[in-house]
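Here is a short report on one protein model. It moves from chain contacts to the sheet, then to the cores and the aromatic rings.

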Amino acid sequence: KDNEMVALFFGSKSKYDKEFKVYETVSKTFEDVNLLNITNKAYEAFEIDEESLPKVVLFRNFNEKRLDFDSGVDFSAERLTSFIEENMFDTLMKFD
């Protein structure tokens with residue numbers, strides 16, 4: 001499928017964590033993006049250090065295949081939403 005994307009959230013040990021709640025809220029706003037939560041040490045398979053958790057990684061089938069959300073100290077719904085929106089579409093779009 002064109003412009004297919006998957007976002008993975010790594011690092012929440014509880015559904016009550018602030019970062020998980022932010023991710024859950026944002027995930028409800030995007031119908032065209034598959035948003036998944038990884039709760040075990042599967043982050044190691046994606047070359048993510050435990051120190052960098054929590055982390056959101058966006059996988060796309062166009063342009064850069066993998067994009068990591070740099071949450072810094074502000075893991076907010078606004079920043080995460082902007083990150084997904086800014087990276088939802090191919091840089092070059094073909095019009096039929």
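In this predicted model, residues 24 or more positions apart account for 66% of the contacts with a separation of 6 or more. One example is Phe75 and Val22. They sit 53 residues apart along the chain, yet their C-alpha atoms are separated by 7.6 Å.

**Overall make-up**

The protein has two helices and four strands. From the N terminus on, their order is β-α-β-β-β-α. Of the 96 residues, 35% are buried. The protein exposes about 6500 Å², and carbon and sulfur atoms supply 49% of that area.

**The sheet**

The four strands form an open sheet. Their order in it is β2-β1-β3-β4, with mixed pairing. Strands β2 (33-38) and β4 (66-69) are the edges, and each pairs on one side only. Neighbouring strands are turned by 20° against each other on average, direction ignored.

Strands β1 (residues 5-10) and β3 (residues 55-60) run antiparallel and are joined by six bridges. Within this pairing, Leu8 has Val57 of β3 as its bridge partner. Both helices pack on the sheet. Helix α1 (residues 18-27) touches β1, β2 and β3, and its direction makes about 160° with that of β1. Helix α2 (residues 77-86) touches β1, β2, β3 and β4, and its direction makes about 165° with that of β4.

Strands β3 and β4 also run antiparallel, joined by four bridges. Here Leu58 has Leu67 of β4 as its bridge partner. The hairpin of β3 and β4 has five residues between the strands. In this hairpin, Asn63 takes a positive phi near 45°.

Which side chains of β4 point to the buried face? Leu67 and Phe69 do; both are buried.

**Two nonpolar cores**

In soluble globular proteins, nonpolar side chains tend to be buried together. The largest nonpolar core here has 20 residues. Val33, Val56, Leu80 and Ile84 have the most contacts inside it. Each of β1, α1, β2, β3, β4 and α2 supplies at least two residues of this core. Helix α1 gives the most, with four residues.

Val33 shows how contacts bring in other parts of the chain. Not counting residues up to four places away in sequence, Val33 touches Met5, Ala7, Ile84 and Met88.

**Aromatic rings**

There are seven aromatic pairs. Two of them are set out here.

| Pair | Geometry | Centre to centre | Angle between planes |
|---|---|---|---|
| Phe46 and Phe59 | tilted | 5.7 Å | 50° |
| Phe69 and Phe75 | edge-to-face | 5.7 Å | 85° |

The pair of Phe46 and Phe59 links distant parts of the chain, 13 residues apart. Phe46 is in the loop between β2 and β3, while Phe59 is in strand β3. Phe46 is partly exposed, because its relative accessible area is 26%. Phe59 is likewise partly exposed, with a relative accessible area of 24%.

Phe75 counts as buried because its relative accessibility is 3%, under the 20% limit.

**Phe75 and its surroundings**

Where does Phe75 lie? Phe75 is found in the loop between β4 and α2. Leaving aside neighbours within four places in sequence, Phe75 is in contact with Phe9, Lys18, Glu19, Val22, Tyr23, Pro54, Val56, Phe69 and Leu80. Phe75 also belongs to an aromatic cluster with Phe9, Phe20, Tyr23, Phe69 and Phe83.

Conventions
Residues are numbered from 1 along each chain as its sequence is written. This is a predicted model: local features need pLDDT of at least 70, side-chain atom pairs count only at pLDDT 80 or more; totals for chains, interfaces and linings use all residues. Side-chain values use heavy atoms; hydrogens and water are left out. Buried means under 20% relative accessible area, exposed over 50%, partly exposed in between (1.4 Å probe, protein chains only). Contact means heavy atoms within 4.5 Å. Accessible areas come from the Shrake-Rupley method with a 1.4 Å probe; for residues, only the protein chains shown count as cover. Two strands pair if DSSP finds at least two bridges between them. Axes are lines fitted to C-alpha atoms, for helices over the stretch in contact, and angles run from 0 to 180 degrees between N-to-C directions. A nonpolar core is a set of buried Ala, Val, Leu, Ile, Met, Phe, Trp, Tyr and Cys residues joined through side-chain atoms within 4.5 Å. Rings of Phe, Tyr and Trp (its six-membered ring) pair if their centres lie within 6.5 Å; planes under 30 degrees apart count as stacked, over 60 as edge-to-face and the rest as tilted.
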